[in-house]
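Visitor: I would like to learn how to read the packing and the charge pairs in a model like this one. Where do we start?

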Amino acid sequence: MRPIAGFLSLLLLSATESVRADGSADPADPITAQNPVLERGRAVYELRCVSCHGANGSGTADVPAPIFGDRPTSDLADLVARTMPEGSPDDCIGDDARAVAEWMQQQFYSPEAQARLNPPRIELSRLTVSQYRNAIADLGAGFRWKVEPGTARGLKADYFAGRHFQADKRQLERLDPVINFDYRDGIPEEGKFEKEEFSIRWKGSLIPRHTGWYEFTLHTENAARLKVNDNVTPLIDAWVRSGSDRNFTGSRFLLEGRVYPIELEWFKFKEPTSSVSLYWKAPYGVKELIPSANLIPENSPPIIVVETPFPPDDRSSGYERGTNVSRDWDEATTYAAIETADRFVAGLPRLIDDKSDRDQQLRTIAVQFVERAFRRPLSDDLRQTYVESLFAATENPEEAIRRIVLLTLKSPRFLYREPTGDDDLYDRASRLSFALLNSIPDQALLDAAKSSALADDMLLREQAWRLMNDYRGRARLLEFLRSWMNLDRLQDIEKSSEVFPDFTPQLAADLRTSLEMLLEQVVDTDSADFQQLLLTDTVFMNGRMATFYGVDLPADAAFQEVKFEPHRRSGIISHPFLLSGLAYMQSSSPIHRGVFMSRGILGRGVKPPPLAVAPTAPELAPDLTTRERVTIQTSPEACANCHGLINSLGFALENFDAVGRFREKEKAGTIDPTGQYLQRNGELVRFTGAKELAAFMARSEETHRAFARQLFHHMVQQPVLAYGPDSIAELSAFFRDHQYNIKELAVEIACRSSILGWAPDTEPLTNTEQK
Amino acid sequence: MNNRRHFLRSLGLGAAALPFISNLSAFASPAALSTRKQRLVVMFSPNGTVPWDFWPDEEGATFTLKRILEPLRDFQSQMLVMHGVCDKVRGDGDNHMRGMGCLLTGVELFPGNIQGGSDTPAGWASGISIDQEIANFLQSKAETRTRFGSLEFGVMVPDRADTWTRMSYSGANQPIAPMDDPYQMFRKLYGQVKDREVLTCVLDNVQDDLKRISKIVSAADRHLLDEHATFVRSMEEQLRTSQTRDIAHAVPELEPGVKEENDNIPQITRMQLDLLVNSFVNDFSRVATFQITNSVGQPKMHWLGIDEGHHELSHEPDENKEAHEKLTKINTWYAEQLAYLVRRLSETPEPGGDGSLLDNTLLVWGNELGQGNSHTLNNIPFVMVGGGMDFSMGRSLKYPGVPHNRLLIALAHGFGHHIESFGNPAYCKDGVLTGLT
């Protein structure tokens, strides 16, 4: 390896380009003009650095990697003094090294300087896959009544004496939290039923936590029919009991943040015994009785959920965005359009009545559909293209609507974000809605655009808060928090069955639920306090978790908030789910934990390792603690530069083993939970254990800036610095001034970003482009 | 049969030479000749027949059709009327249930929770039905594989899944729902083609809109739309090519807006039969079932001047002449539907082959009961029409009460699928039903 590598990897970098003709920075640059240190730094760079690193650190043929990153200046200065210029590091030390580091920092090294040099722009984008699915769901839902879950959980149950659900034989009416009944050879309640036959109908809605496939399993020796998100065709039809089948399964794709109708009808007839249980296997979950937390007694209309698989969106800049198209994507939009058209047309009968002219009603529905899909009223011209011409082309109005849906959903006006470049209040409504709900504006928001209400900042904010408080807005925030913590990557956590025999898949699923309940708790309070995520001294636990972690709860206890080692633990960083997820089968992993905290919480640009290194197996170093082993392993210069940052955060959590249990000792050694962090302003912070580390991060401006930046990117899917070089600092200050209220910050981001759209073309096409 | 005749004719051999040729082993095996497309249709109508107006008195090649079969007179030389074939399957369920569930499966129903008018409750049949067995056989070979394998048509089948409404089974406990909405069947058969037509127009429009928007956006963003336009264009081209490739014959036009209700039964039946013929022309499938209503079906044939439901009438004793006059009319109407299908098939040339579709199709008409008022499972009114199986047609056959499993085996053998037994093996001991060829 060339000696230069150490320098490169410290600066966190990498491009091939010849030296520019004018290879120099502009001496009249206002940054350097009145500051002698910066002037000196510029001169040093000219003299010693530019021939290899190029103007503004953009790299040359010899040293192609561009120089940028987020290290503090003192770190840079130290490195320059030790290693640069290559081969004669003594030529640039002391004040020279400090001056050039300072100048590089301000001229091109920091993210802010990079944004100034290469201003990011708002790009034309298509809908991301989740935006597409949400938009379809809301397009259909816009024609039905809206259901927001209340506080009640469980399903509404009607019990009948007799197997035909006759109203006059209804004996019981109640709320059942879960469906799991075993009557053996008996009856639901003495004196009200006969043994030979009785029936039960459960009705209500499902509120799933995640987007994905849900596998339902019905277990009964009697007869049952399960409908999920479809009021006509059962997902499971076991109405005819036949032979010895007892388990029946069926799957549905569901989107989080939405409410789906569910109905289970069940009856006993002549069988010697009776029982019924309803299970599901949710994404990231295990097969379990559908928890009452996911059941509500309110009825709801079915949602159109596109099941067509799409290629995943680009995530190369850290957040999902729709800035590329592919053949697969184009095909998927076609299949999804057909799927949607079929479902929408099948649901048409419920949207029309017998009171007025049928054709006229269908035409109105068609216009509404297109306008909502395009997020703006139709001009006469477009109305002709997208609606009238299709009604004229066929005698069958349902077929016309089918074609209208197909055409609309294939149109760039639906598939792209604000594609017409009008940049009016309708575009503003659209941006606001996508930011807060990840979906198209609802009718109220379109109306607010129409009435010019959205031009008024206060009314704009009012709308933003309305969306924020919508059930979908809540789901959107939770989705962000999960992606902020990278929870989707923590799947199928397994532990060594020899060392941790009680760490079952059920327990792993419980741990995730527990963490997600914390996220929900924070989001569901008015204060929505971000710091609470890092500082809370409680954990949600059920009996299984409590048994495993030695907390005093009954073994069958439902999830509840408990104090869990409050003097040792603090917030998410010491939550058993993250601690277990960011660990190996047998041992902890300070590196995984450190990367999560430096990259995720503090927002540092930690790049992938320059070398692929297999971690030293604990068995090969039987006498060492994990801390000692990791320190030795990451000591080479190529590793140490990043791992200095990563490890010294992760080490502070070494009191927690591979399953997140507290420990004082590891093997023969005593745990050393001290750590440190060199802030971007050059100050060193020291801490011991999780509580001190969490307290530091909760108050660190770096954390606040990182959170604001990531939330912005998640919501807006455009580079935050395209909205002004100071936008991160401003959002971070806003966050602080609003007591770290996540919802306030989200509304602020939505309102700010809603004002600005992509810049349409202002210059005529050149000859080449016209081709 | 017809194929063989054509084959012989092309050799310059006449009818006189037939017996001799048939004994030559090289010609005796149907498989050796069977490059033709063989097809099977099973039609079902419910509630038994009126025996005295159904069964011909005579046995053999010379017989007189009774009133119910009269509509098939033009095709008498291509018919087999098969008296004495009985559904001997017993076990759980009443006769209507077993008649239906065992008609094509030949095997007992599982115990279950469907309670009939008598006997013990039952569930689904415990085995595959012969139409699906044959369809699987045909699908297993490249030369006989079709897009759907089998199609299950229905007419006014009640919207409930139970032992009385299902006769086709893809396996034990796996009933197949017949499709009784012609529009739905149309979408199944031709939806892709229609979608392609519509999509081609849609994509045309999308191109225009992409161009309009492309003019507005900046050069840096334009590449996205240009790339998108390329994909749209290539899909449009694909659609145009596949359109001409996939569908050799015109897509039928269905009269729009025919509601699924009792009085539209004649019209729905006609639409479904037309779709069946069309699906054969396009070789979408070589096996079809056609289920008119269901076991215990209650159509009210107002169009015949009959206001009572069919099942209700079928319980009337033999002495009730008025009721039986109506039952004869009802069953004659079913025969007319079969005759319509037979005629359509006979008038439709075999695509890419010789003769008509009828020359290569065997139609089997069955019922869940022999007679309604006795609920007997003996003498199921089986009639077969057409040249699909190389059976020797144009005869009235009288069997001595044989299990219908043997007939089911014969259908499989007709396709060259030589199974030894089908359904409950106890009823298959005497092997394939003899006297057909």
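**Cores and salt bridges**

Guide: Start with the largest nonpolar core, which has 169 residues. Phe414(A), Ile572(A) and Ile573(A) touch the most other members. Bear in mind that this is a predicted model.

Visitor: Which residues is Ile573(A) in contact with, leaving aside its neighbours within four places in sequence?

Guide: Its partners are Leu534(A), Leu579(A), Met597(A), Ile601(A), Leu653(A), Ala690(A), Leu693(A), Ala694(A) and Met697(A). A second, separate core has 58 residues, including Val277(B) and Phe290(B).

Visitor: Now the charges. How many salt bridges are there over all chains?

Guide: Side chains of opposite charge can pair when their charged atoms come close. The count over all chains is 77. Take Asp510(A) and Arg544(A): their side chains meet at 2.6 Å, N to O. Asp510(A) lies in helix 17 of chain A and Arg544(A) in helix 19, so the pair ties together parts 34 residues apart in sequence.

Visitor: Is Asp510(A) buried or exposed?

Guide: Buried, at 6% relative accessible area. Arg544(A) is partly exposed, at 41%.

Visitor: What does the salt bridge of Asp274(B) and Arg344(B) tie together?

Guide: This pair meets at 2.7 Å, N to O. Asp274(B) sits in helix 9 of chain B and Arg344(B) in helix 11, so parts 70 residues apart in sequence are tied together. Asp274(B) is partly exposed at 23%, and Arg344(B) is partly exposed at 23%.

Visitor: Are Arg286(B) and Asp283(B) buried or exposed?

Guide: Both are buried. Their side chains form a salt bridge at 2.9 Å, N to O.

Visitor: Which residues are linked in a network of salt bridges?

Guide: Asp138(A), Lys146(A), Glu148(A), Arg258(A), Asp470(A) and Arg472(A).

Definitions and conventions. Residues numbered from 1 in each chain as written. Chains lettered and ligands numbered in written order. Predicted model: local features only at pLDDT ≥ 70, side-chain atom pairs only at ≥ 80, totals over all residues. Heavy atoms only, no water. Core = buried A, V, L, I, M, F, W, Y, C linked by side-chain atoms within 4.5 Å. Buried < 20%, exposed > 50% of the residue type's maximum accessible area, 1.4 Å probe, protein only. Contact = heavy atoms within 4.5 Å. Salt bridge = Lys/Arg side-chain N within 4 Å of Asp/Glu carboxyl O. Helix = DSSP H or I, 4+ residues; strand = E, 2+ residues; numbered from the N terminus.
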